[in-house]
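Thanks for coming. Please have the sequence and the model open while I talk, and stop me if you lose the residue I am on.

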Amino acid sequence: MLTLAAPAHAGAVLDYVGTYVWSEDRADFGGFSGIEVSDDGQTFHALSDRSQLYWGRFERDGQGIVRGMRTLGRAHLRDSRGRPLPPGYTGDSEGLAIGPDGTVHVSFEGLNRVASYPDLEGGPTVLRRAPKLPGMVVNNGLEALAIGPKGELLTLPEASKSKDTPFVLLEYSDDRWHRRAEIRRDGDWLMVGADMGPDGWLYLLERDFNGILGFSSRVRRVMLDDDGVTEDEIVLRTRSLQYDNLEGIAAWDDGIGTRLTMISDDNFLFVQRTEIVEYRLREQTRRAATD
């Protein structure tokens, strides 16, 4: 088993848990860009970038490693008139967050918007249009979505204005959008996923594309207060081709630490795979010096 250590300043150790390749013989299977996992780690919702939502159960062994996935249901997300969303500009669903009441929230990056689905059989409630931020061009719109500790929605565009300008974290509360914080951008790393962890950290999944060398990924976490980011830590960085195109992340408490469950987007290409990749972040108790 591969074990990777987080940076020393993080006061944590990251353990590799396992990887599972998920496949189903369906034309609409693939392209997964968002994932949500239940508090006990047993069930999942997975969102494709063609407005398809899958849900089901993980089959885990005695050590909690995913050995299988059983789909229990599927839904094709609809527009406000109740029509199935087509792939492309209006149906490019990217971020997924599920509220305590079961409402499914989805961010779209073609026609940039966030929609809430209390009932998957009907049309959504479309929130007020988010402000267009610098860098939000075609295929670089609202990508990551999470729910904050007070039930507020948090979203980030995939890119910022330039490689040295920060990402803007938007918050939806009181029926309007606010600029919640600025998050440092590091060169070519782009935002593709987010989830609020049970430990109070906002976990962010970032991706870098290296051409023929494939994708590399990293996970960072930020702590927020009313004034913005107070702490910012990189807890995982993968090598090119170590995993496929990781785009969705879920953070949950597995009883030992914070489990990070990630899913890859295979772009509906036979040369790529839908991978479930899991790590566990264990906080370390620092002992005070005695001399």
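Let us start with phenylalanine 215, which lies in strand β17, residues 215-225. Keep in mind that this is a predicted model. Is phenylalanine 215 buried or exposed? Its relative accessibility is 15%, and buried means under 20%, so phenylalanine 215 counts as buried.

What does phenylalanine 215 touch, leaving aside residues up to four places away in sequence? Its contacts include Arg207, Asp208, Phe209 and Asn210, and also Arg239, Ser240, Leu241 and Gln272. Glycine 197 is 18 residues away along the chain, and its C-alpha atom is 25 Å from that of phenylalanine 215.

Now the rings. The model has 12 aromatic pairs. One of them joins phenylalanine 209 and phenylalanine 215, with 5.0 Å between the centres and 40° between the planes, and it is classed as tilted. Phenylalanine 209 has 53% relative accessibility; exposed means over 50%, so phenylalanine 209 counts as exposed.

Phenylalanine 29 and phenylalanine 32 make another aromatic pair. Their ring centres are 5.1 Å apart and their planes meet at 70°, so this pair is edge-to-face. Both phenylalanine 29 and phenylalanine 32 are buried. They belong to one aromatic cluster together with Trp22, Phe44, Tyr54 and Phe58.

Arginine 50 lies over the face of phenylalanine 268, at 3.7 Å from the ring centre. The charged end of arginine 113 is over the ring of phenylalanine 108, 3.8 Å from the centre.

Strand β8 covers residues 104-108 and strand β9 covers residues 113-117; they run antiparallel and are joined by five bridges. Histidine 105 is opposite serine 116 of β9. How many strands form this open sheet, and in what order? There are four, in the order β7-β8-β9-β10, with antiparallel pairing. β7 (93-98) and β10 (125-126) are at the edges with a single partner strand each, so one side of each has no neighbour in the sheet. As a reminder, strands of a sheet pair through backbone hydrogen bonds, either parallel or antiparallel.

Next, the core. The largest nonpolar core has 19 residues, and those touching the most other members are Tyr203, Leu205, Val219, Ile249, Leu260, Met262 and Tyr279. Strands β2, β16, β18, β19, β20 and β21 each supply at least two residues of this core. Take tyrosine 203 as an example: among the residues in contact with it are Gly193, Ala194, Val219, Ile249, Leu260 and Leu281.

Strand β21 deserves a separate look. Eight of its 10 residues are buried, which leaves the strand mostly covered. It pairs with β2 in the antiparallel sense over 10 bridges. Six bridges join it to β20, and that pairing is antiparallel as well. Methionine 262 has valine 277 of β21 as its bridge partner. For valine 13, the partner in β21 is arginine 282.

Side chains of opposite charge can pair when their charged atoms come close. The whole structure has 23 salt bridges. In one of them, aspartate 15 pairs with arginine 282, with the closest N and O atoms 2.4 Å apart. Aspartate 15 is buried, at 10% relative accessibility, while arginine 282 is partly exposed, at 25%. Glutamate 158 and arginine 207 also meet in a salt bridge, 2.7 Å from N to O. Glutamate 158 is in the loop between β12 and β13 and arginine 207 is in β16, so the pair ties together parts 49 residues apart in sequence. Glutamate 158 is buried, at 5%, and arginine 207 is buried, at 12%.

Which residue pairs with arginine 221 in a salt bridge? The answer is aspartate 199, with the closest N and O atoms 3.9 Å apart. Arginine 221 is buried, at 1% relative accessibility, whereas aspartate 199 is partly exposed, at 29%. Finally, Arg184, Asp186, Glu206, Arg218, Arg220 and Asp232 are linked in a network of salt bridges.

Methods
Residues are numbered from 1 along each chain as its sequence is written. This is a predicted model: local features need pLDDT of at least 70, side-chain atom pairs count only at pLDDT 80 or more; totals for chains, interfaces and linings use all residues. Side-chain values use heavy atoms; hydrogens and water are left out. Two strands pair if DSSP finds at least two bridges between them. Buried means under 20% relative accessible area, exposed over 50%, partly exposed in between (1.4 Å probe, protein chains only). Contact means heavy atoms within 4.5 Å. A nonpolar core is a set of buried Ala, Val, Leu, Ile, Met, Phe, Trp, Tyr and Cys residues joined through side-chain atoms within 4.5 Å. Rings of Phe, Tyr and Trp (its six-membered ring) pair if their centres lie within 6.5 Å; planes under 30 degrees apart count as stacked, over 60 as edge-to-face and the rest as tilted. A charge sits over a ring if NZ of Lys or CZ of Arg is within 6 Å of the ring centre and within 35 degrees of the ring normal. A salt bridge is a side-chain nitrogen of Lys or Arg within 4 Å of a carboxyl oxygen of Asp or Glu.
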